[in-house]
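Please look at the structure below before reading on.

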Amino acid sequence: MITTVSPTGSDTALLSAHAVTKSFTVDGRAVEVLHGVDLSIANGEFVTVMGPSGSGKSTLLYGLSGMDAVDAGTVRLDQVELTALTSDLLADHRREHMGFVFQQPTMLRDLGLLENIVLTSSLDRVGTPADRVSRAEELMRRAGIWDLRARMPAQVSGGQLQRAGICRALMRRPRIVFGDEPTGSLNRESAEQILDLLTELNRDGTTMLVVTHDVRVAARADRVVFMIDGRIVDELGLTGDAGPDLARVDAVIGRMRELGI
Ligand SMILES: Nc1ncnc2c1ncn2[C@@H]1O[C@H](COP(=O)(O)OP(=O)(O)OP(=O)(O)O)[C@@H](O)[C@H]1O
């Protein structure tokens, strides 16, 4: 059943934001782009954020993940208030608990995919080198790119590279994965494969917050959050027996029409 959910918080939230504001200085003037955003994401939930270009989706994602500081309000990951941490502690926390998937992963071009994936966690000194390779193997097999492990980033397709990027993001078993247009640069078939992978990872318990313009991506979520002009204006719950993808896509498009997006 497709349901509308209220935009209120949840006691079991893994990530919660309260009254978050953010301004940028443009031509010497502060322009507020997030106007007191509240958002709670439950453990294991898959949430997508949709809205017009410039509505503040990426700014929200960066603010919630601590990649960029917010001006006011609080952001908590589980019991830890991210907005109260020093930048060093926040960076540690981010490395340990969060994964990031962007439109195009940045890889070192002279290293093979496996080395690229293992390298991040090697730098972080997590486990033994053998542990890291075995974790990478598990993820790469799952993503269907183990056979490509020795290829250089320039020798694989955009979709394969994105799958490697997702493997890299998951090396440390993050509690939450943030995605900013993870299928934005891919053709339809590759995008579907990435979506299948993200959906599968979410089913295994990884919480996800993904910003997207693509209704097919949004429709995979448990909940779609709609932003307009720096505010969350509506939410659409897609949990339960929501039927085939098409019905979910229809529901998202219908809500976008109602909101004039
Ligand atoms: N570093 C910055 N300096 C000044 N203004 C910024 C900066 N980053 C973002 N903005 C502005 O903040 C607003 C929100 O931008 P943001 O990138 O969050 O929107 P978005 O919804 O993700 O857009 P899109 O869908 O086009 O990626 C926009 O008006 C943008 O121009």
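## The open sheet

In this predicted model, S23 has E32 of strand β2 as its bridge partner. Strand β1, residues 13–26, is joined to β2 by 11 bridges, and the two run antiparallel.

These strands belong to an open sheet of four strands, in the order β2-β1-β4-β5, with antiparallel pairing. At the edges are β2 (29–42) and β5 (80–81), each of which pairs on one side only.

## Around the ligand

Which residues surround the ligand? The shell consists of F24, V26, V33, G51, S53, G54, S55, G56, K57, S58 and T59. By type, three of the shell residues are nonpolar, seven are polar and one is charged.

Strand β1 and helix α1 (57–65) each supply at least two residues of this shell. The largest share comes from α1, which gives three residues.

Strand β9 covers residues 223–228 and strand β10 covers residues 231–237; six bridges pair them in the antiparallel sense. Within this pairing, R223 stands opposite G237 of β10.

The two strands, β9 and β10, form a hairpin, and two residues lie between them.

## The nonpolar core

In soluble globular proteins, nonpolar side chains tend to be buried together. The largest nonpolar core of this model has 65 residues. The members that touch the most other members are I117, A136, M140, C167, L209, V224 and V225.

What is V224 in contact with, leaving aside its neighbours within four places in sequence? The contacts of V224 are T48, M50, A218, E235, L236, L238 and V252. Two residues of this list, E235 and L236, fall within the range 231–237 of strand β10.

## The protein as a whole

The secondary structure comes to eight helices and 10 strands. The protein is as compact as a globular protein of its length, because its radius of gyration, 18 Å, is close to the 18 Å that the globule rule gives for 261 residues. Taken along the principal axes, the C-alpha atoms fill a box of roughly 45 × 45 × 40 Å.

Buried residues make up 38% of the 261 residues. Among contacts between residues at least 6 apart in sequence, 69% join residues at least 24 apart.

Methods: Residues numbered from 1 in each chain as written. Predicted model: local features only at pLDDT ≥ 70, side-chain atom pairs only at ≥ 80, totals over all residues. Pairing = 2+ DSSP bridges. Near = placed C-beta within 6 Å. Nonpolar A, V, L, I, M, F, W, Y, C, P; charged D, E, K, R; others polar. Core = buried A, V, L, I, M, F, W, Y, C linked by C-beta atoms within 7 Å. Buried ≥ 20, exposed ≤ 12 C-beta atoms within 10 Å, placed from the backbone. Contact = placed C-beta atoms within 7 Å. Rg over C-alpha atoms; globule rule 2.2 N^0.38 Å.
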